[in-house]
Amino acid sequence: MSEKPVVLSLDKATIQFGGLIAVNSVTFDLYKGDLFGLIGPNGAGKTTCFNLITGVYKPTSGSIKFNGKEVGGLAPAKIAEMGICRTFQNIRLFPALSVLENVVVGAYLRHKTSVYGAYTYLPPAINETESLKKDAMDLLEVMDLADMAGSRSADLPYGKQRRLEIARAMATKPDLILLDEPAAGMNPQEKEDLQATVRRIRDEFGKTVLLIEHDMRFVMGLCERIVVLDHGEEIAQGSPEAIRSDPKVIEAYLGEAV
Ligand SMILES: Nc1ncnc2c1ncn2[C@@H]1O[C@H](COP(=O)(O)OP(=O)(O)OP(=O)(O)O)[C@@H](O)[C@H]1O
Ligand SMILES: [Mg+2]
């Protein structure tokens with residue numbers, strides 16, 4: 001058993017949409033510093049799990065705890081403030097804003113000066129904005145996007161937009177970062193670079209990472225533990241080696257995916 005603290009704990013997390021149980025009694029724990037993969041065929045309930053963890057949906061039953069506190073059913077903004085951030089399967093950037101501005105917007109979630117304070121104490125607000133910009137530039141360096149800080153985010157190639165989404169999520173200074181298909185649409189070199197970056201996010205920044213990905217090379221090469229969903233149910237959990245050779249996983253997913 002791991003000595004590290006549990007960061008995220010799903011206990012029989014379930015959500016039903018009409019007659020469909022999209023996530024059915026899913027149970028797993030993430031320990032601090034885990035690089036954890038969530039995989040399974042299309043429609044398995046992976047993104048819905050993220051939506052439960054981030055408060056987009058309220059679980060029909062079961063529990064979701066973050067750092068020991070129940071978050072199931074809390075408002076998304078509250079959960080984000082507590083330290084969970086995410087990226088989206090379909091990129092959601094502010095296309096007209098610059099690369100740097102997109103990251104600064106993420107950082108505003110942690111912005112300490114109230115809106116009222118921003119008007120009445122202009123100098124501290126300016127200082128804070130300057131420091132947010134500096135932090136944002138530092139993150140762009142980490143994500144290898146610093147040379148594009150002034151470009152409109154819509155003008156970035158697709159792979160870089162995905163990296164920018166991660167930078168923006170990191171700007172909220174989360175404990176836990178959820179990545180929904182971060183390598184989708186990337187070429188092999190971009191995927192390799194992204195693997196190194198995600199590892200860095202864990203090793204250097206101490207984040208816990210939960211990621212959804214269909215590229216098995218990417219997941220198996222990066223994640224240390226993996227949960228497999230199929231039709232909303234957990235069919236396996238374990239190391240990449242165990243998952244790769246699990247007959248249930250091969251039948252439900254890998255047989256067709258690899
Ligand atoms: N708001 C909703 N209302 C009704 N059904 C939903 C809703 N959200 C998700 N579903 C259904 O839940 C199931 C799981 O969807 P989900 O998006 O979680 O799959 P996924 O594992 O992320 O798949 P993919 O790999 O294609 O992204 C699907 O059948 C989907 O249609
Ligand atoms: Mg999905």
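**Exercise 1.** Find which protein donors hold the magnesium ion (ligand 2), and where they sit in the chain.

*Solution.* Start at the ion: its protein donors are Thr47 (OG1) and Gln89 (OE1), lying 2.0 to 2.2 Å from it. Donors here are N, O and S atoms within 2.8 Å of the metal (3.2 Å for Na, K and Ca); water is not among the atoms, so sites may look incomplete. Helices (H or I, at least four residues) and strands (E, at least two) are DSSP runs, numbered from the N terminus.

A word on the model: it is predicted, local features need pLDDT of at least 70, side-chain atom pairs count only at pLDDT 80 or more, and totals for chains, interfaces and linings use all residues. Residues are numbered from 1 along each chain as its sequence is written, chains are lettered from A and ligands numbered from 1 in the order in which they are written, and side-chain values use heavy atoms, with hydrogens and water left out.

**Exercise 2.** Decide whether threonine 47 and glutamine 89 are buried, partly exposed or exposed.

*Solution.* First, the cut-offs: buried means under 20% relative accessible area, exposed over 50%, partly exposed in between (1.4 Å probe, protein chains only). Threonine 47 has 23% relative accessibility, so it counts as partly exposed. Glutamine 89, at 32%, is partly exposed.

**Exercise 3.** List the buried residues of H7.

*Solution.* Locate H7 at residues 188-203, 16 residues in all. Its buried residues are Leu194, Gln195, Thr197, Val198, Ile201 and Arg202.

Notes: Expected span 1.5 Å × (residues − 1).
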